[in-house]
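Keep the coordinates open while reading.

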Amino acid sequence: MAFQKLIRERFFPHLWCPGCGHGTVLNGLLHAVDELGLDQSSLCMVSGIGCSARIAGYVDFHTMHTMHGRALACATGLKLARPSLTIFVPMGDGDATAIGGNHFIHACRRNIDLTAIVLNNRIYGMTGGQYSPLSGQGILATTAPYRSIDPAFDVVQLALGAGATFVARTTAFHVKEIGSIIKKAVQHKGMSVVEIFVQCPTYFGRKNKIGDAVQMLEQYRDRTAPLGSKKLEADPSLIARGIFKDEQRPEYCEEYAKIIARAQGKEA
Amino acid sequence: MSQRKSSRAGAGAKAAAAGHIHFVQGNEACVHGALYAGVSFFAGYPITPSTEIAEHLAERLPGIGGAFIQMEDEIGAMCAVCGAALAGAKAMTATSGPGFSLKQEAIGYACMAEIPCVVVNVQRAGPSTGLPTKVAQGDVNQARWGTHGDHSIVVLTASSVQDVFAITVEAFNIAEIYRTPVILLFDEVVGHMREKLIIPAPGELPVVERLRTAVKAGVNYHPYLPREDGRLPISDFGDVHRYNVTGLFHDIFGFPTENPEQVSKLVYHLVDKIENRSHLLARYKEFYLEDAEHILVSYGSSARSARHLVEGRRRKGDRIGLLELQTLWPFPAQVVREKTAHAKNVFVVEMNLGQVMAQVKQATAHPDRVFLVNRMDGMLVTPTDIGKVMRTVEGRGF
């Protein structure tokens, strides 16, 4: 394992709370990158704001820590200006589905070759535990003292509906699955969306009396099941994990390359 | 399909058709200027009265191997410009008032992260949706202070199609030299007015290329350590140096810091790199100022009406002159102070409620001699409007 060369070791230990799932996602991402053996100078990470965005500080890639919700828009410019880059875009609940929701659906629609990772912890962590568009109804949060009345987005359905061509979901309990799914997402040509349930024991778990990090992880184990499994068939109330879509559709930068060829009179 | 390995940087330089005489709108002249300066990336969102800039670049950029993208919103367009600039592109966007409001977030990011880029605002009347197809100059203060926090920024303008071309080239050059967003604050009249444009031959106007670091691979590169001359050599994303770019206060490596000394140093750097060089950034034109008793100060399309009046009165023997500002920020206070020092009266002609007038009053030793000639009704301020105010000030009534 050549992890040392992929991280900025001097910034560890990381700033996330004890028990937070974000480090698990970082771990899976590093496994995927290591196994793919990608040229490190082509690796970029563009993040927004929040706990999830801080992943960018820890990886020794070209890293752009942008504005809340704007990671995908910045990444779109970066990718279109230099299509040879491999770009990861980690996002939290707010980045992906609230303040950045418009950029999210349009990046999916364009099918631009980015790997978006949605770290879904159902809460705004960095600001201290407010409900998010992924919290769902009945959730306690600092801004929902009488429980949330807001229904939640389903990130997978949202990405599918918007046109992403690789859509997957896993959880921080399923550590190896994180690596293998991210690996496939990077290999996929087009917009990849990987939703990962991550525990926030500090705000979500404690406030909603779910328990500590271990108990939250056990919930991910017990309340999810692989797509197409007998377990899922037997209990439709479980949340499906796995790859929901992996299809080819013209990729945005490749389509733009055709525009360039046409404008230059060199039509293929 | 072959992957384009390199960035699109510099692709625009060979694009502008040199030496040709064109009859074009200001917005189109802006496009020609951008191409002359080497623009290779544009992200935008349709908005009146700036849309022609996007339309023409959509047509021109792919031909030179550049890229055009119509984003989902104004915010996304400004963000895409930031991303593209870090990839090595000379990047720009164009908008008008409502879009300019939305872009402020990412303009602040570009200020903080020192990302070179050009933002065009073809002004219409505001606030809010205002008068989408009518002229105004009400965004002067927004261009300076629209994004939050202490920062500095460069804002340029022009009053003719030919000047729009030249000032657009300047905007790209200044963006490169100072690693800053530069705002081109045009207005609806200048944007849509058609005039002759002569495109200079390549090399006739200076074009500043991006200053890239000479630090070799494997040697520590400090992306945010200015050289002795204040310039900040960049390394493009995808090249050998991997570093961090953030909107947080950061150290010389680009990593977040809360160290009070480093925070203070950065904010002063961001402001001083521009404010301390305001004399180098002051662009203006002067007409008959040598012996002028009455001086008009104006900019953009207002300056055309001002000049018309000045020419007419000069023919009658009046000692009247015009100072036309092309740099609005950093405000060329010294230029205004010196040029108006001996004037009996100074008339600031603009289409807002006195945004530049306030700066002129501050700049001069005699603020009581500074008067505002303005219109804020969607109509171009006319020579007659100026003449009326002058008569009143001179005690001759309307």
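With 8 C-beta neighbours inside 10 Å, B:Ser128 counts as exposed; a residue is buried if 20 or more other C-beta atoms lie within 10 Å of its own, exposed if 12 or fewer, and partly exposed in between, with C-beta atoms placed from the backbone. This is a predicted model, in which local features need pLDDT of at least 70 and side-chain atom pairs count only at pLDDT 80 or more, while totals for chains, interfaces and linings use all residues. Residues are numbered from 1 along each chain as its sequence is written, and chains are lettered from A and ligands numbered from 1 in the order in which they are written.

B:Ser128 sits in the loop between E5 and E6 of chain B; helices (H or I, at least four residues) and strands (E, at least two) are DSSP runs, numbered from the N terminus. Although B:Ser128 is not a glycine, it has a positive phi of about 55°. B:Pro127 is also placed in the loop between strand E5 (117–125) and E6, and the peptide bond from B:Gly126 to B:Pro127 is cis, with omega near 10°. Most residues other than glycine have a negative phi, and most peptide bonds are trans.

Two further backbone features of these kinds can be located in chain B. A cis peptide bond joins B:Trp329 and B:Pro330, with omega about -5°; B:Pro330 lies in the loop between strand E14 (327–329) and helix H11 (333–339). A positive phi of about 50° is found at B:Arg179, which is not a glycine. B:Arg179 belongs to the loop between H6 and E8 of chain B. B:Arg179 counts as buried because it has 25 C-beta neighbours inside 10 Å.

B:Pro49 counts as buried because 25 C-beta neighbours lie inside 10 Å. Leaving out residues up to four places away in sequence, B:Pro49 touches B:Ser96, B:Val122, B:Arg124, B:Thr133, B:Glu188, B:Gly191 and B:His192, where contact requires C-beta atoms, placed from the backbone, to lie within 7 Å. B:Ala358, by contrast, is a helix residue, in H12 (residues 355–363) of chain B. B:Ala358 is partly exposed, with 17 other C-beta atoms within 10 Å.

How is chain B divided? Its domain assignment gives domain 1 (21–198) and domain 2 (286–393); such bounds come from an automatic or database domain assignment. The C-alpha centres of the two domains of chain B lie 26 Å apart. Their contact takes 25 residues from domain 1 and 20 residues from domain 2. On the domain 1 side, strand E6 (131–135), helix H5 (140–145), strand E7 (154–156), strand E8 (181–187) and helix H7 (188–192) each supply at least two residues. The largest share of that side, 4 residues, comes from H5(B). By class, the domain 1 side has 16 nonpolar, 6 polar and 3 charged residues; Ala, Val, Leu, Ile, Met, Phe, Trp, Tyr, Cys and Pro count as nonpolar, Asp, Glu, Lys and Arg as charged, and the others, Gly among them, as polar.

Two packed helices are described by the angle between their axes and the distance between the axes. The axes of H10 (residues 300–315) and H13 (residues 383–393) of chain B come within 8 Å and cross at roughly 65°; axes are lines fitted to C-alpha atoms, for helices over the stretch in contact, and angles run from 0 to 180 degrees between N-to-C directions. B:Ser305, B:Ala306, B:His308 and B:Leu309 of H10(B) make the contact with B:Pro383, B:Ile386 and B:Gly387 of H13(B). These residues divide into 4 nonpolar, 3 polar and no charged.

In all, 35 residues of chain A are in contact with 42 residues of chain B. H3(A) gives the most to the chain A side, with 8 residues. That side divides into 17 nonpolar, 14 polar and 4 charged residues. B:Cys82 is in contact with residues of both chains, among them A:Cys74, A:Gly77, B:Ala106 and B:Tyr109.

Methods
Two residues are in contact if their C-beta atoms, placed from the backbone, lie within 7 Å.
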